[in-house]
Amino acid sequence: MICPLTVLRPLMPTDSPALLGGVPVRPEGPPVWPRRTPETDAVLLALRESGDWGRYHGPHTGALIASLSQDLQRDHVQLCASGTAAVELALRGLSVGPGDEVILSAYDFKANFTNVVLLGATPVLVDCRSDDAQLDVSAVEAACTAKTKAIIASHLQGGLVDMLALREIADRRGIALLEDVCQSPGAVIAGRPAGAWGDVATLSFGGSKLVTAGRGGAVLTSRPEIAQRIKLYHQRGNEAYPLSEMQAALLLPQWKQLKHDHATRTKAVLEISSQLAREQQTSPPLAPLCRSHLTTDSAPTQNAPAFYKLAFWYDNAALEGLPRDRFCRAMRAEGIAIDPGFAGLHLIHARSRFRAGGPLAHATQACSRIVMLHHPLLLEAETAARDFQSALDKITRHARMLIDTALPSDTTQD
Ligand SMILES: *Cc1c(COP(=O)(O)O)cnc(C)c1O
């Protein structure tokens, strides 16, 4: 007996996009994250043997605090439950409250906006740079008023904010700087660690992040009065946003591995970028955002990015108008974890909830055109560029078919 499905379904050439029933470039899908390593295995076993998995604090939380403090050159480290909690604690540490304004990029992590609103302050949105979508420091000054209490600078999607210029503005105006390092632990800006530039800095150990315990975060500062306020708010007779001994134990070996992993990821990024440059001539569908940090003659600036995401400008004109959501979906079906970038904070919130600190045209552009590759593939240095390019080539060849085929609605992921 013949299965009716076999009869109805047209025979797909092996080259067909996986989204339309073809064989995926990576049938196994994207690499599993977090990775299982001998070090994390050893930690889990040791936790079982010692019973430390039930402890609130212990040698591992102590060692993690010491490592973060040393590597990010900050005197005080408060471990906490998430990056979102870390940003809230940081804002509280800076005494942000009703009547205050906090400047941030309109192209930023959603919860940063929400945290400002939570504290009763007004988010003031400024534009991002047109080339790499990082906070446009040159737009910050015009957005400052007597009410400006803090500036949030997030290094995003493989890019770095110009902290040299931003620190100068903050110092001259006496405004506090919150450096969000959730996507860029281990990055270096002008010779200093990312996180060492802000009056206060935040880290995330969320499940998808470069160093993860499923959940977790940290807030760091070298200013005792900020540290004291953070501690007071965190401690309410009990820890309000705890990170456990078990989480710390799992984070330590990953933190130690970070430098080595950065080197592997950066190599893969260079390979993907140079392959794109080789393959694409006139109007490429994808162009990396952050080329400036990848030049090999970076010695004078001493910048080293961290790639939690690798962001690209997507140009649908190069693919016969293939919409961005459909493109990402087709890439994901091939086993390449790529998603649209952030939604613009100025586009998803009512005008009454924020003040626009200037034109936001570049942020609008970034929201509609960026796609970002999730980092785990970048640790497969040998295959990353090849698989990425194969998937892209296949989608390029079948762009028209991908446009014309009716599919259940394209949903974007967060
Ligand atoms: C992930 C992230 C956060 C929040 O971290 P969670 O641990 O998920 O709460 C904050 N800022 C940025 C830029 C992030 O990428």
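Mentor: In this predicted model, C128 has a relative accessibility of 0% and therefore counts as buried, the limit being under 20%. The cysteine sulfur closest to that of C128 belongs to C367 and lies 7.2 Å away. A disulfide requires two cysteine sulfur atoms within 2.5 Å, so the separation of C128 and C367 is too far for a bond. C80 is likewise buried, since its relative accessible area is 0%. By the sulfur-distance rule, the number of disulfides comes to 0. C80 accordingly takes part in no disulfide, and the nearest cysteine sulfur, in C182, is 8.8 Å from its own.

The helix pair can be taken next. Two packed helices are described by the angle between their axes and by the distance between those axes. Helix α4 spans residues 83-93 and helix α5 spans residues 110-118; their axes come within 10 Å and cross at roughly 40 degrees. The crossing of the two helices is right-handed. On the α4 side, the contact is made by T84, V87, E88, L91 and R92, while α5 contributes A111, N112, N115, V116 and L118.

Terms used: Residues numbered from 1 in each chain as written. Predicted model: local features only at pLDDT ≥ 70, side-chain atom pairs only at ≥ 80, totals over all residues. Heavy atoms only, no water. Axes fitted to C-alpha atoms, helices over the stretch in contact; angles between N-to-C directions. Helix = DSSP H or I, 4+ residues; strand = E, 2+ residues; numbered from the N terminus. Left-handed = near helix turned anticlockwise from the far one by under 90°. Contact = heavy atoms within 4.5 Å. Buried < 20%, exposed > 50% of the residue type's maximum accessible area, 1.4 Å probe, protein only.
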